[in-house]
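Colleague: I am new to this structure and would like to learn how to read its features one at a time. Could you take me through them slowly, with the general idea before each case?

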Amino acid sequence: MSKPQLDIIELSPYAIFLIGGAIAWKFNRSRELFILFILTLSLASITYLPETMGKSVQVADIYSIICLLIPINIAIFSFFKERGILSLWGIIRIGFILSQVLLSYWLIKPGQREFLSLINKDIVPVNLHTVTSISQVSILAFIAALIILIVRQFSYRSSQDISFIGVLFALFFVLHHNDNPILYPIFFGISGIILITSIIQDSYSMAFSDELTGLPSRRALKQDMMKLGMNYVIAMLDIDHFKKFNDTHGHDTGDEVLKLVASTIKDVTGGGKSFRYGGEEFTILFPGKSINDVLPHLEELRDKISKRAFTLRGKGRSRKNSKSRSKSSKSSKQLYITVSIGVSQKSEKYKNPDAVMKAADTALYRAKKKGRNCVSK
């Protein structure tokens, strides 16, 4: 491989980090931005610092510090919430990174061997030096970070944690194969691409998915309506008496009702695709179908929702004494939710998706006037 090609490979991860940083800044994704900053400092340190500082610093010392700090930082930043980049919280996190830079600089100075030896100290009586150059302390840090990210993924189902796991594996691989310098820019660059992909994926999800119900949002609905062919059916679904329910039991309970209904209609049969239209309204598209095709499936959906109980929980409380308070019991009440559905199809009268949707909305009002909990066309 020629020197110009090697130079391009060596500099490419910095271009990726710069692009990733600009995207993270644009979408206010501080966790990815700061991890990209850490990756930049780590790669630059292991590549250029020995040449810059000469014999006063050893590559092995820089390598040992980076092997430990990378998993620790990924684990710590996975817990941080998005609090802005130039906010007080963002400045604190920048200070946290810079304090590590200063500590690392102090550690690699001559005379600090006893502290560095702690990083490379064997904790368990197993000789791993013939297997990997990564110290036992750093391996444990990688394992701990991986466990943390897996637990977080099961708890929060975040694509960010998945991307952090990918970065963790990529960096462990390259640090394990530290005898091949060309792998450093390649796998650090891959780590940057993983983080960029995570930002784009989450941004797409925020734009096209409803945060509360998890269904595709109105924006996604508009895009899918543009893809409809010659024959299709549009159904509009509305939760009956939702405003009264919301006012009586509170908005938090109302949100739970919306999630319950959404979890049912997302599994609608007959080839339908469900969307959150807004408020208590939902839309279902049936591409390539007629009203007669979808009516049995909509009736089945309406019936399924009406038979699915919603448990309203409350607490019986007494203020007489501590003993009575300790015996306060939880009470629960089961409520049943119904929906009204209006449906229309493309025809000579309704020639485009907007007209069909308007007709379905009109049919929905007819269903309301009929007494609700029914399907009208």
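Modeller: Let us start with helix packing: two packed helices are described by the angle between their axes and the distance between the axes. Here helix α1 (residues 3–26) packs against helix α8 (residues 183–208) at an angle of about 20 degrees, and their axes are 8 Å apart. That makes α1 roughly parallel to α8, since angles under 35 degrees count as roughly parallel, over 145 as roughly antiparallel, 65 to 115 as roughly perpendicular and the rest as oblique. The axes are lines fitted to C-alpha atoms, for helices over the stretch in contact, and the angles run from 0 to 180 degrees between N-to-C directions. Helices (H or I, at least four residues) and strands (E, at least two) are DSSP runs, numbered from the N terminus.

Colleague: Before we go on, what kind of model is this, and how are the residues numbered?

Modeller: This is a predicted model, in which local features need pLDDT of at least 70 and side-chain atom pairs count only at pLDDT 80 or more, while totals for chains, interfaces and linings use all residues. Residues are numbered from 1 along each chain as its sequence is written, and side-chain values use heavy atoms, with hydrogens and water left out.

Colleague: Which handedness does the crossing of α1 and α8 have?

Modeller: A crossing is left-handed if the near helix is turned anticlockwise from the far one by less than a right angle, and right-handed if clockwise. By that rule, α1 passes α8 in a left-handed crossing.

Colleague: At what angle do the axes of α3 and α4 cross?

Modeller: The axes of helix α3 (residues 59–79) and helix α4 (residues 88–108) cross at roughly 160 degrees and come within 11 Å. The two helices are therefore roughly antiparallel to each other, and the crossing of α3 and α4 is right-handed.

Colleague: Now to charged side chains: how many salt bridges does a search of the whole structure find?

Modeller: The general idea is that side chains of opposite charge can pair when their charged atoms come close. A salt bridge is counted when a side-chain nitrogen of Lys or Arg lies within 4 Å of a carboxyl oxygen of Asp or Glu, and a search of the whole structure finds 14 of them. One of these pairs joins Lys 273 and Asp 224, with 2.8 Å from N to O. Lys 273 lies in strand β2 (residues 273–278) and Asp 224 in helix α9 (residues 218–225), so the pair ties together parts that are 49 residues apart in sequence.

Colleague: Is Asp 224 buried or exposed?

Modeller: Buried means under 20% relative accessible area, exposed over 50%, and partly exposed in between (1.4 Å probe, protein chains only). Asp 224 is buried, with a relative accessible area of 16%, whereas Lys 273 counts as partly exposed at 41%.

Colleague: Where in the structure are Asp 247 and Lys 243, which also meet in a salt bridge?

Modeller: Both are in helix α10, and being four residues apart there, they are separated by about one helical turn. Elsewhere, salt bridges that share partners join Arg 29, Glu 32 and Asp 202 into one network.

Colleague: Which residues form the nonpolar patch on the surface?

Modeller: Patches are made of residues with over 30% relative accessible area and no salt bridge, where like charges are joined within 9 Å and nonpolar side chains (Val, Leu, Ile, Met, Phe, Trp, Tyr) within 5 Å. Here Ile 123, Val 124, Val 126, Leu 140, Ile 143, Ile 147 and Val 151 form such a patch, together having about 600 Å² of accessible area, a value from the Shrake-Rupley method with a 1.4 Å probe, for which only the protein chains shown count as cover for residues. Ile 123 is found in the loop between α5 (113–119) and α6 (136–156) and is exposed, with a relative accessible area of 52%.
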